[in-house]
Amino acid sequence: MSASPTVPHKMPRLELSTLLTKTLRAIVLPFFGAAIFLLLWEVTSSKIQTSLGQFPGPGQVVKQVHGLYLEFRDDQERAAAFYVRQDQRIADARAADPNYAPEYRTYAGKPTFVKQIFTSLKTVFTGFILASLIAIPLGIAIGLSANLYAAINPLIQLFKPISPLAWLPLVTIVVSAVYTNSDGIPKSYITSAITVMLCCLWPTLLNTAVGVTSVSTDLINVSRVLCLNWTQHVRSIVLPSSVPMIFAGLRLSLGIAWMVLIAAEMLAQNPGLGKFVWDEFQNGSSESLGRIMVAIFTIGVIGYLLDLLMLTLQRSVAWDKQAIVR
Amino acid sequence: MKTLLELTQVGIEFKTPKGSFKALENVNLKIGTGEFVSLIGHSGCGKSTVLNIVAGLLKATTGGVVLEGREVNEPGPERAVVFQNHSLLPWLTAYENVELAVRQIFRGKKTRAEMKDWIEHNLTLVHMDHAMHKRPGEISGGMKQRVGIARALAMEPKVLLLDEPFGALDALTRAHMQDSLMEIQSDLKNTVIMITHDVDEAVLLSDRIVMMTNGPAATIGEILTVDLPRPRDRLALADDSAYNHLRHEVLRFLYEKQRKVDDFTPRSSAAKPPAQIVEPKAESVHAGEADAAPQSVVEQPQEKVA
Ligand SMILES: Nc1ncnc2c1ncn2[C@@H]1O[C@H](COP(=O)(O)OP(=O)(O)O)[C@@H](O)[C@H]1O
Ligand SMILES: [Mg+2]
């Protein structure tokens, strides 16, 4: 057609069109997706009448975000006031009696949404780190020994599909029996963390084992020719070579951990996001549904950020830069 | 010449799901100190198996290998191997790859500074001093192979075992690598066993060429002594009659006496020699092409029939 006169412009035009496609993909299309979602949500929610009033639409949820933020700010102000009063009291007592031994207390307000987010994060990382501390060494061991693998694999397959809801009663009772120091770390926190650990152990365990068994025979031969001893072999050949697989497993594990955590917190009454959702459900006020929706979006965003964090870690440790990590 | 390495009645059987498979039988070979020996044969005949037995990575079912009067039972750094796929640790730089070997072998014998000098010396030897701190993923195939050779040389092995070291490289890079290896060899006078698919490479580099028969139960078919004077120059040798005669001998062994027939259609009778043995394409058989090259020789008459 009219191709010949535009030859010199062909290249820049091509680049422009790829740039356009990129912006379209990165900004415009996601924006459209979100807009359609919000529209559908608005329309559908207006048609759902519940015992707690109308199902919250986007506007209602934004209002709840603001409300939760105000609660958080009030609480912070109250906490600040509490510490000012405490300092004042101690200073006064000291003025009267120089030998007065002050007793500092921490502010114990009602848990706000922001506090609950941090409790959840703390709990999920406790469970996840415990799981990793077990899964990585065990995974290396079963990856190195076919016999150990044969012995343990059926157990892994048996425990892997168990829901956190099934573990929880058991863990709760065992924790209550074993952990009697009631004014230290709260039991609900331990119970939730252990449940998270039990459920997120498996991907890291299996991936580590696979990573270790799939070390290239060439590299194993290098190790044999160099007469590396067992520790050196594991440290300089096996571990680095399975690092990408281990991190792929860790990423899956953290995803599961976050999902399991919410259920565990609901049942164990650990003061995190799960308990927040449960409490709102029990509350049954006209604002509850909106607040639950806020929690749901928060859970989603944090889950996404956690995954992003693991992805960044995974990319930074990958020695095989060609491998597509997404 | 003093015998350094001796293979006596070496044979091996692999246990496979379909029963045992005898890959090698009655392999006898003596190699002198400072000798450069290449192993040539069709793909799958058992060259790597021989090398791995010498390396100690595989155990012979019958017979054995003796190095300086001691039987070889396990792998060890005095028999350093350069594998076809470089086998560098991809998460370490070229320097660190060599360092891993040097640390292991010279622990307590060299100081840290001496080790550093030794690593750099060996990388310079293979012309890799400019890219010492690059990882395998950042350098070309030829460079990776150079690092692999540096790592093996740094181990000061009694025997250097090279398993198709240049098989995966393009022709030009391969020629460079061969020249480098000859240069290093003229300095260090290592004892080398090298597997190759490349007839020119074998003649150019070797003191002797060991030609293996086809498996199963492969063994040494013929041994050709290459008495061309050193240093050898590939350009000058191209017109050299002695060189061409040796090349021809190897080609005759590979494509006449040990022609691979089992992979082809039974219609092409093995008894009838192909019309033209030395085709330009068949002159050098590279890794992966070993099966294809003779095939083109055999297929020609078939096409006429069809
Ligand atoms: N571990 C093994 N188990 C079973 N068969 C093997 C094993 N290693 C090699 N073989 C067989 O032995 C023969 C020789 O193999 P190899 O030494 O790798 O050949 P080459 O290096 O000459 O191409 C082949 O037929 C191969 O299939
Ligand atoms: Mg081979």
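**Figure 1. Helices α8 and α10 of chain A.** In this predicted model, the axes of helix α8 (residues 230-268) of chain A and helix α10 (residues 288-317) of chain A come within 9 Å and cross at roughly 170 degrees. That angle makes α8(A) roughly antiparallel to α10(A). Angles under 35 degrees count as roughly parallel, over 145 as roughly antiparallel, 65 to 115 as roughly perpendicular and the rest as oblique. Axes are lines fitted to C-alpha atoms, for helices over the stretch in contact, with angles from 0 to 180 degrees between N-to-C directions. On the α8(A) side the contact includes Val243(A), Phe247(A), Leu254(A) and Trp258(A), and on the α10(A) side it includes Ile299(A), Leu306(A), Met310(A) and Val317(A). Two residues are in contact if their C-beta atoms, placed from the backbone, lie within 7 Å. By class, the residues of this contact divide into 13 nonpolar, three polar and two charged. Ala, Val, Leu, Ile, Met, Phe, Trp, Tyr, Cys and Pro count as nonpolar, Asp, Glu, Lys and Arg as charged, and the others, Gly among them, as polar. Helices (H or I, at least four residues) and strands (E, at least two) are DSSP runs, numbered from the N terminus.

Residues are numbered from 1 along each chain as its sequence is written, while chains are lettered from A and ligands numbered from 1 in the order in which they are written. Because the model is predicted, local features need pLDDT of at least 70 and side-chain atom pairs count only at pLDDT 80 or more, whereas totals for chains, interfaces and linings use all residues.

**Figure 2. Helices α7 and α8 of chain A.** The axis of helix α7 (residues 217-225) of chain A comes within 11 Å of that of α8(A), and the two cross at roughly 170 degrees. The helices α7(A) and α8(A) are therefore roughly antiparallel to each other. Leu219(A), Ile220(A) and Ser223(A) of α7(A) make the contact with His233(A), Ile237(A) and Ser241(A) of α8(A). This contact has three nonpolar, three polar and no charged residues.

**Figure 3. The largest nonpolar core.** This core has 134 residues, and those with the most contacts inside it are Val196(A), Val98(B), Leu161(B), Ile193(B) and Val250(B). A nonpolar core is a set of buried Ala, Val, Leu, Ile, Met, Phe, Trp, Tyr and Cys residues joined through C-beta atoms within 7 Å. A residue is buried if 20 or more other C-beta atoms lie within 10 Å of its own, exposed if 12 or fewer, and partly exposed in between, with C-beta atoms placed from the backbone. Not counting residues up to four places away in sequence, Val196(A) touches Thr123(A), Val124(A), Gly127(A), Phe128(A), Ala257(A), Val260(A), Leu261(A) and Ala264(A).

**Figure 4. The surroundings of ligand 1.** Ligand 1 is surrounded by 13 residues, the closest being Phe14(B), Ala23(B), Lys47(B), Ser48(B) and Thr49(B). Two or more residues of this shell come from each of β1 (3-16), β2 (19-32) and α1 (47-55) of chain B. A residue is near a molecule or strand if its C-beta atom, placed from the backbone, lies within 6 Å of it. With three residues, α1(B) gives the most to the shell. The shell contains four nonpolar, eight polar and one charged residue. In α1(B), nine of its nine residues are buried. After α1(B) comes Gly56(B), whose phi is positive, near 90 degrees.

**Figure 5. The side of chain B that touches chain A.** Chain B gives 17 residues to the contact and chain A gives 15 residues. In chain B, β6 (79-82) and α2 (94-105) each supply at least two residues of this side. The largest share, three residues, comes from α2(B). The side of chain B that touches chain A has 12 nonpolar, five polar and no charged residues.

**Figure 6. Backbone details in loops of chain B.** A cis peptide bond, with omega about -5 degrees, joins Arg230(B) and Pro231(B). Pro231(B) is placed in the loop between β10 (220-225) and α7 (234-237) of chain B. Glu68(B), a residue other than glycine, has a positive phi near 45 degrees, and its place is in the loop between β4 (62-67) and β5 (70-71) of chain B. With 13 C-beta neighbours inside 10 Å, Glu68(B) counts as partly exposed. Glu164(B) also has a positive phi, about 45 degrees, although it is not a glycine. The residue Glu164(B) is in the loop between β7 (159-163) and α5 (171-188) of chain B, and it is buried, with 25 other C-beta atoms within 10 Å.
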